[in-house]
Amino acid sequence: MKPNPCESCHQPIVAHEGVSYGSMECGYRLLCSRCFNETVAKQLGLQGFEHVAFEPVRMVDARGLEHEFRFRTRLFGPGVAIDAFELQGGSPAGYRFQVIGEPDDDPLALLGTLITKMRRALALTHLEDTEHGLQVNNGLVLRGTVDSDPDEHHRVPMVVIDGREVSWDELGRMVSTFEGWQFKLQFLDRSEET
Ligand SMILES: [Zn+2]
């Protein structure tokens, strides 16, 4: 399928870069990230904002597996968010990271902060493949992201741990090996460090 072009600069929009921007009254336009950010910057009267498109980065996790991350920069009123995500079959899947800064922060410094955070996360493992299936490793901690499960119709989530999709059932089976133990479940915004 040929990607739709940006309605402002008319360049083709690469996977997951498009934003429908507008309002119910004035209609929506499909914009690339750069045009979206520049439009928002102009509306907010931000002088210092500079949109930088980052090239994909490859990083190796603690198991020796390589991950290719893409970046998306989005300006939203008081801040700018850079998201790092992997693509599988054209859709974001696996590890996701985010950093939030001020609109006039140096984009490369923000990217540096994000990459440092990604390195720290990729150096950690939480899961272990055993003959009884996936288990919590001897760190006894799980960190991950809550995602939706496209195959699940009962509104239960899927979680992503160590960049791997773990179904709610599978998580339940892993947790059941800790019967009688205590646990602590804490939710943090994607830009915070776990
Ligand atoms: Zn554009």
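# Reading a predicted chain with a zinc site

Visitor: Histidine 10 has a relative accessibility of 58%. Buried or exposed: which does that make it?

Guide: Exposed means over 50% relative accessible area. Histidine 10, at 58%, therefore counts as exposed. Keep in mind that this is a predicted model.

Visitor: Where does histidine 10 lie? And what is its phi?

Guide: Start with the general idea. Most residues other than glycine have a negative phi. Now the case. Histidine 10 lies in the segment before strand 1. Its phi is positive, near 65 degrees. Aspartate 162 also has a positive phi, of about 55 degrees, although it is not a glycine. That residue sits in the loop between strand 10 (157–161) and strand 11 (164–166). Aspartate 162 is buried, at 4% relative accessibility.

Visitor: Let me step back. How many helices and strands does the chain have?

Guide: There are 3 helices and 11 strands. Along the sequence they run β-β-α-β-β-β-β-α-β-β-β-β-β-α. The C-alpha trace spans about 55 × 35 × 30 Å along its principal axes. Of the 194 residues, 33% count as buried.

Visitor: Which residues coordinate the zinc ion?

Guide: For a metal site, read the donors, then the angles, then the spacing. Cys6, Cys9, Cys32 and Cys35 each give an SG atom, at 2.3 Å from the zinc ion. The 4 donor atoms subtend angles of 105 to 115 degrees, so the arrangement is tetrahedral. In sequence, the spacing of the donor residues is C-x2-C-x22-C-x2-C.

Visitor: How do cysteine 6 and cysteine 9 read on accessibility?

Guide: Cysteine 6 is buried, with a relative accessible area of 1%. Cysteine 9 is partly exposed, at 30%.

Visitor: What does isoleucine 13 touch, beyond four places in sequence?

Guide: Its contacts include Cys6 and Cys32, and both of these are zinc donors. Pro3, Asn4, Pro5, Gly18, Leu30 and Leu31 are also touched by isoleucine 13. The residue lies in the segment before strand 1 (19–23).

Visitor: Serine 33 takes me to helix 1. What span should that helix have?

Guide: At 1.5 Å a residue, the 12 residues of helix 1 (33–44) should span 16 Å. The end C-alpha atoms are 16 Å apart, so the two values agree. Ser33, Cys35, Phe36, Asn37, Val40 and Ala41 are its buried residues. They pack against strand 1, strand 2 (27–31) and strand 4. Glycine 45 follows the helix, with a positive phi near 70 degrees.

Visitor: What does the side chain of asparagine 37 reach?

Guide: Asparagine 37 is in helix 1. Its relative accessibility is 0%, so it counts as buried. Its side chain reaches the backbone nitrogen of leucine 75 at 2.7 Å. Beyond four places in sequence, asparagine 37 contacts Phe49, His51, Thr73, Arg74 and Leu75.

Visitor: Now helix 2. Which of its residues are buried?

Guide: First, the idea. An α-helix has 3.6 residues a turn, so residues three or four places apart point the same way. In helix 2 the buried residues are Pro107, Leu110, Leu111, Leu114, Ile115, Lys117, Met118 and Leu122. Seen down the helix axis, they fall within an arc of 160 degrees, so they line one face. They pack against strand 3 (57–60), strand 4 (66–76), strand 5 (79–88) and strand 6 (91–101).

Visitor: What span and what N-terminal cap does helix 2 have?

Guide: Its 16 residues (107–122) should span 22 Å at 1.5 Å a residue, and the end C-alpha atoms are 22 Å apart, which agrees. Aspartate 106 is the N-terminal cap. One of its side-chain oxygens lies 3.1 Å from the backbone nitrogen of leucine 108.

Visitor: Where is histidine 126 found?

Guide: Histidine 126 is in the loop between helix 2 and strand 7 (127–130). It counts as buried, at 5% relative accessibility. Read its partners next. Its side chain makes a polar contact with the side chain of arginine 143, at 2.9 Å. Among the other residues touched by histidine 126 are Gln135, Val136, Asn137 and Ile161. Asp162 is touched too, and its phi is the positive one of about 55 degrees.

Note on methods. Residues are numbered from 1 along each chain as its sequence is written. This is a predicted model: local features need pLDDT of at least 70, side-chain atom pairs count only at pLDDT 80 or more; totals for chains, interfaces and linings use all residues. Side-chain values use heavy atoms; hydrogens and water are left out. Helices (H or I, at least four residues) and strands (E, at least two) are DSSP runs, numbered from the N terminus. The expected span of a helix is 1.5 Å times one less than its number of residues. Buried means under 20% relative accessible area, exposed over 50%, partly exposed in between (1.4 Å probe, protein chains only). The arc is that of the directions from the helix axis to the C-beta atoms. Contact means heavy atoms within 4.5 Å. A polar contact is a pair of N or O atoms within 3.5 Å; within protein, one must be able to donate a hydrogen and the other to accept it, and residues adjacent in sequence count only if both atoms are side-chain atoms. Donors are N, O and S atoms within 2.8 Å of the metal (3.2 Å for Na, K and Ca); water is not among the atoms, so sites may look incomplete. Four donors count as tetrahedral if all angles lie between 85 and 135 degrees; four count as square planar and six as octahedral if opposite donors are over 155 degrees apart and all others between 65 and 115; anything else is irregular.
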